[in-house]
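The following note comments on the structure shown below. Its points are numbered and may be read in order.

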Amino acid sequence: MTKLNDGRTAVRWLWRGLKKGDWLWLMLAVVIASATVTFVERLGDTAKESMVRKAAMNLGADTVLESSRPIADRWREQAQSLGLSVAESQTLVTMAQVAHDDEAGEFQMVRLKGVTPEVPLRATGGLPRIPSGSSQVWAEQALMPLMGLQTDPASRIVLGEKTFELAEAYTSDQAGLGMSAFAYEMRIALDRLKDTGLKGPGSRMTYSLSVAGEAEAVQTFTRAVREAESPNLEVRSAQSPSEDLGQALDTAWQFLDLAGLSAVLVAGLSILIASRFYLGRWQNMIALMRALGATRARITRLFAVQLMALALGAALLGVLLGQALFVAITPLLAQYFDPLVLGDWLGVSAYGLLMGVLVLWSFAWQAFRRAVATPPVALLKSISDAVPVGHWLGSLGLILLVMALISAGSWWVLGSVAVMAGLLYLASEALIWGLNRWQGRASGWLKLSIAALTRSPGLVKIQLMSIGLVLFVLMLMTFVRADLMTNWQLSLPADTPDTFVVNVQPDQKNAVQTLLQKQGIDTELVPMARGRLVAVDDQPIRAEDQETQRGKRLLQREANIAVLETPPDYNRMLAQRSDRERAKSDLPQVSVEKGIAELYGLQLGQTLTFDFSGQRQTYVIDSLREVSWQSFRLNFFFVIEPQPEAALPISYLSNFAIDQSATTPQELMQSMGREAPGVLVIDAGRIMDQIQTIMRQASWAVSGLYGFTLAASLIVLLTATMASQQSRIQSWLLLRTIGASQRTVLKIGLMEFALLGALAGLLAATFAQITGMLISQFVLEMTPQLSPLLWAISVVLGSVILVVMGWLTQRHYLRLSPSAMAQKWG
Amino acid sequence: MDAVGYEVPEQRLEAEKTSADATGTLRILKGCALSVQRGESVSIIGRSGSGKSTLLSLMAGLALPTEGEVHLLGQCLNRLQEDERAAVRAQAVGFVFQNFQLMPSMTALENVLMPLELFQEANARERALAALEKVGLAERLHHRPAQLSGGEQQRVALARAFVTEPEILFADEPTGNLDETTAGHIQQLLFDLNAHTRTTLVLVTHDKAFARHCQKAYQLMHGRLEILDDEAE
């Protein structure tokens, strides 16, 4: 009963305080925390889900299993038992011919896909659903002009031994992988595929099992398939649809996580500062209550209930605000994300609520603990209200723990924040020491400004560290964001090659070269051979001995191996053998891509043996290269030195940016079909469009989150200036009383803010620069860039922001008469 | 019947080290012995730093002596845990402080309501209103301390102290921060309330005239407690 009554009393006191604005700063901080977390999570989820859905639509499913052999039934059964929708297809590359009454039409290489009626599981309206047993064929729109197809009267198309009537054309965002994916597609019912007679021992079939459904079930299924490590199965999921997209998406996910954590940290800091502001007030009240006879347990209860009720109420308000903000920007989001998949609101709300409560408790815990331990004798003898730095670090430790619990996998962020806080503390010690020395030499109002700062060094350290951390987080985000944008843009320049020509036989080389030149395309045909790595240092290398799926897969397939005197100049050379080492061996040389070298533990000087259609050749590793897979240039895992005596099965390939005003990939395809049959022209524009769309969406989300964190950070800076308000105003009062002019007080006041901002900016920029470079290098795997301007900007920005905030929050007091000031604050 | 008794033979406190050559230990009270009966008014006078506030904090159980015993309402405070001492205070102790110790964010009424609400006493609001009316602040109920004069603030503190009808009231320099005229009014009010409620009063002050209003007056010199001797002063 007493406990219940205590609860009532606490709520009554809280309500009274709220009405008078006593809890405003703490409440504001919790509202910021919850609103930010809710908004960021909701936006992040929505961006992620929309992008994954887009990728799923491109893929036609959430996850697709592909194999060159029929896929075991157990996978279909498992997917169905998990409640997932399942669809199957089989694809082969073949020649299609239009059947005319009088003459045979042109042949065109197509990707023929037999599908079950469930295909596609995920897509927009463009794709056809093909009923079982249908004797019609559906053709991709691009094939219509290419083959001269029409629907009225319907063209008839010969596929193997059967003739199908064209139903209609369709457009597809879907793109497969591998070379066959670049041929245009035709679809028929799966059960009619065998009638064509095209399925046979020699045909290179791709069997696919597509699944879609609840995210959790999809993940369970995908994980199970990956864990089975079946070497013939390739798993493609919407989460990471291809290697090109995977890297871009991973970077975006990491930034979204970073933004979310930054928001929590920023809001937490505002609570820390606000709680320090409240500590003195709580201590007085608690000392009085203890003198009046309240037990410590009771006081703890009364304050805990108040804080908890405040946390819940403010967090709820924050969640509502975050959700409202999100709803407000939904129309804008719809312009950037198509389809727009709104993230789960309930889970995010619960998370926002929990975070508000946790952030309040973890940052206010030390102040709370310290306050309830106030002895009653504090009423008669003043006790120190200075907060030891250990308190600050303890709070930071707690919040890092909370952040660690909610963001498993982001330990590097937490670690860097912890290290940063420690370094900031040391740096702020040094700055205070410097300020003290400066104060000795300064004079007039400047001396007074510095004195105002050094009066309570503990508080200034906390302010410096808090403002420094906020600015640091902002700088870091600016830095990483700029790096992201620059690298993404750099990775896809305007003249990015969008068309590939492959399978050019040596006797066709000149004809193809001439044809391309006629179209105004100036490109070189690169010789290559298809081969499989079979031995390292004469020891066989087997797929079954490899630990990783990728390691197994790459050994089972033939790779495109370039045959060049030197690797392409757009590859970055990482290591090369010295001339002395070269002299030791007379074997021909091979240059190896870094990722492959790491995968198989390859080093300079080792020998590699390749099997080229039964012909074995051995090479010595001469160099290691780094390749940008996102660049769409011709890249190879291996580049071997040409050997006139080895008769390798050479073919040529090339890629280039096509000038759409001169010709189109379709036109080129037609003329190539005439001049050099068998040569494949691949239009990669579709894949690039997908990547660019996804990157555009990711960069929008990144900028949006950045803006929101920036706004939240400014409010934290505001609370930081408020923390020392009382002592600042008391010193102004003293100055005014002894006759200082309003102008002098103004100068002193604003200089204090400018100094604080500049020092914090200096600290923040230095650490942001270092951390940003480390993150770029090691986490985002991008080339770090040094920004000397960052320091100048940070120092100026820190000063300007603090002066503006100081002016906005303190101008009222600066204008008060000494007596009015005394009445309010004396 | 209950007697309010104090026996404080000796008190030692650990003092903060203030300079390099300080010993670090300072003996503030030495063999102080004092007994206060129910309904009595007792004053303790002494110079600044003589240990008056320390003695008051011991008598109220806010702190413990390093030696000797303190009895309050028949209970030996030395043998009680902090929360048990708090329970003793909760039954029957009130305080008035030199710096008023009002909560700056609370109105006059809320400050007086606080101890009543803390112990969930019945008719809290009515009693708080009546207490404020008694000290002449019926018109200033919703003013915050910053909006009240020093004298008004101390009146709020008196209302807060008496509203729980304590058996014993400890007053630490209650007029120390006030001008002479206001101090006079507050002293009068304190004794009126004391007479009216028959509360035991323990008053610590440096004002000799104020001290002499009490039935017994002691002075604290060099850590020892003696009957107030005008000649010696």
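1. A residue is called buried if 20 or more other C-beta atoms lie within 10 Å of its own. The model under review is predicted. In chain A, which has 826 residues, buried residues make up 43%.

2. The secondary structure of chain A comprises 23 helices and 20 strands. Among the contacts in chain A with a separation of 6 or more, 86% are between residues 24 or more positions apart.

3. Attention may now turn to chain B. Here six strands form an open sheet with mixed pairing, in the order β8-β9-β10-β5-β11-β12. The edges of this sheet are β8 (93-96) and β12 (224-227) of chain B, each of which pairs on one side only. From one strand to the next, the twist averages 20°.

4. B:Gly94 has B:Leu169, in β9(B), as its bridge partner.

5. How many residues of chain B are in contact with chain A? There are 24, and they meet 26 residues of chain A. On the side of chain B that touches chain A, at least two residues come from each of α1 (52-59), α2 (82-92), β8 and α3 (108-118) of chain B. The most are given by α2(B), with six residues.

6. The composition of this side also deserves mention. The residues of chain B that touch chain A comprise 13 nonpolar, five polar and six charged.

Key
Residues are numbered from 1 along each chain as its sequence is written. Chains are lettered from A and ligands numbered from 1 in the order in which they are written. This is a predicted model: local features need pLDDT of at least 70, side-chain atom pairs count only at pLDDT 80 or more; totals for chains, interfaces and linings use all residues. Two strands pair if DSSP finds at least two bridges between them. Helices (H or I, at least four residues) and strands (E, at least two) are DSSP runs, numbered from the N terminus. Axes are lines fitted to C-alpha atoms, for helices over the stretch in contact, and angles run from 0 to 180 degrees between N-to-C directions. Two residues are in contact if their C-beta atoms, placed from the backbone, lie within 7 Å. Ala, Val, Leu, Ile, Met, Phe, Trp, Tyr, Cys and Pro count as nonpolar, Asp, Glu, Lys and Arg as charged, and the others, Gly among them, as polar. A residue is buried if 20 or more other C-beta atoms lie within 10 Å of its own, exposed if 12 or fewer, and partly exposed in between; C-beta atoms are placed from the backbone.
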